[in-house]
Amino acid sequence: MFGAKITVCISGIRVPFPKFRPPGPRRTSSFLLSNHPLERRMPPRRASKRKRISEDELKNVEKQEEEEAPAAASNETTAFKSSSAKNIKENAPLVVFAHGAGAPSTSEWMIRWKNMLAKALNAIEVVTVDYPYISGGKRKAPPKAEKLVDFHSDVVKEAVAKYPNHPLILVGKSMGSRVSCMVASGQDIGASALVCLGYPLKGINGAVRDEILLQLRVPIMFVQGSKDGLCPLDKLEAVRKKMTCANELHVIEGGDHSFKIAKRHLQFSETTQEEAEDLAVQAVATFVANL
């Protein structure tokens with residue numbers, strides 16, 4: 001019966017009826033299934049090799065940036081420090097340091113104070129002056145201060161030519177400080193300041209030698225020992241009141257003409273020679289910084 005051909009006669013006309021097929025599972029074309037918009041089943045897309053490489057490269061770049069960040073910050077810090085150091089050096093003073101009547105620049109006192117001044121003032125250089133009468137191992141009697149001015153001035157001009165545009169600080173010990181004052185009064189020097197370490201205010205005959213001090217227009221600082229016989233503090237104070245230029249005074253209590261303090265005084269004041277001199281040089285640094 002199944003699959004038999006059936007003919008139906010309608011109004012005398014024979015019409016063939018399609019073969020009967022029993023019900024069964026529905027067959028669906030795989031072609032239609034794969035292309036039907038609702039039935040399409042696409043496998044998950046795999047990341048391409050090119051995309052995977054790009055992600056790896058991105059991770060490497062991020063890692064490299066993380067590694068380079070501290071180095072970049074370090075370089076910026078170094079650059080800032082270098083710039084700051086450069087600015088400090090550009091403003092660093094030039095110091096010309098003259099010795100006293102009895103000892104050259106190679107003496108222990110001069111070397112110690114040269115080093116202290118260089119450090120405290122952050123000087124570009126401390127140039128020492130050795131007058132002809134004592135240089136090269138000579139030991140002659142010192143001439144009058146006025147006869148040393150030209151030689152001293154030449155040393156200063158040579159130093160300024162080497163370090164132009166740096167503040168010029170003239171420093172002297174005893175006689176060297178007096179000659180420095182004479183040099184600074186010259187119109188072609190252009191000193192920024194004077195520092196007198198043990199200024200010899202009194203002459204051999206006891207007269208007060210204040211003429212050059214009263215002529216100065218350059219700021220000056222005196223560092224004096226309270227027991228310095230060549231510069232009684234009361235006489236220096238009287239001169240300072242008459243001076244027209246800015247001037248300051250730092251007193252080393254118990255110090256003599258070379259700032260040497262007696263042991264008894266050190267014990268009584270509970271201090272040391274080094275501490276007393278360090279306070280003095282710091283006072284000089286403050287004076288120069290405030291110019």
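The legends below describe close-up views of a predicted model.

**View 1. An open sheet of 6 strands with parallel pairing.**
The strands follow the order β4-β3-β5-β6-β7-β8. At the edges are β4 (125-129) and β8 (247-252), each of which pairs on one side only. From one strand to the next, the twist averages 15°. Strands of a sheet pair through backbone hydrogen bonds, in either a parallel or an antiparallel sense.

**View 2. Strands β3 and β5 paired in the parallel sense.**
Strand β3 covers residues 94-98 and strand β5 covers residues 168-173. Their pairing runs over 5 bridges. Leu94 has Leu168, in β5, as its bridge partner.

**View 3. Helix α3 packed on the sheet.**
Helix α3 spans residues 108-121 and touches β3, β4, β5 and β6 (193-197). The direction of helix α3 makes about 165° with that of β3.

**View 4. Helix α7 packed on the sheet.**
Helix α7, made up of residues 233-242, touches β7 (220-225) and β8. Between the direction of helix α7 and that of β8 the angle is about 170°.

**View 5. A salt bridge between Arg112 and Glu277.**
The structure holds 6 salt bridges, and one of them joins the side chains of Arg112 and Glu277 at 3.0 Å, N to O. This pair links distant parts of the chain: Arg112 belongs to helix α3 and Glu277 to helix α9 (residues 273-289), and the two are 165 residues apart. Arg112 counts as partly exposed because its relative accessibility is 26%. Glu277 is buried, with a relative accessible area of 3%. Side chains of opposite charge can pair when their charged atoms come close.

**View 6. A salt bridge between Lys242 and Asp210.**
The side chains of these two residues meet at 3.5 Å, N to O. Lys242 is in helix α7, while Asp210 is in the loop between β6 and α6 (211-215), so the pair ties together parts that are 32 residues apart in sequence. Asp210 has 13% relative accessibility and therefore counts as buried.

Glu237 counts as partly exposed at 32% relative accessibility, whereas Arg240 counts as buried at 17%.

**View 7. A salt-bridge network of Glu108, Arg112 and Glu277.**
Salt bridges that share partners join these three residues into one network. Two of its members, Arg112 and Glu277, are the pair linking helix α3 with helix α9.

Gln224 counts as buried because its relative accessibility is 0%. A polar atom of the Gln224 side chain lies 2.7 Å from the backbone nitrogen of Tyr199. The side chain of Gln224 also makes a polar contact with the side chain of Asp228, at 3.2 Å. Leaving aside neighbours within four places in sequence, Gln224 is in contact with residues including Cys196, Gly198, Tyr199, Cys231, Leu233 and Leu236. Also among its contacts are Leu249, His250, Val251, Ile252 and Phe259.

Notes:
Residues numbered from 1 in each chain as written. Predicted model: local features only at pLDDT ≥ 70, side-chain atom pairs only at ≥ 80, totals over all residues. Heavy atoms only, no water. Pairing = 2+ DSSP bridges. Helix = DSSP H or I, 4+ residues; strand = E, 2+ residues; numbered from the N terminus. Axes fitted to C-alpha atoms, helices over the stretch in contact; angles between N-to-C directions. Contact = heavy atoms within 4.5 Å. Salt bridge = Lys/Arg side-chain N within 4 Å of Asp/Glu carboxyl O. Buried < 20%, exposed > 50% of the residue type's maximum accessible area, 1.4 Å probe, protein only. Polar contact = N/O pair within 3.5 Å; in protein donor to acceptor, adjacent residues only side chain to side chain.
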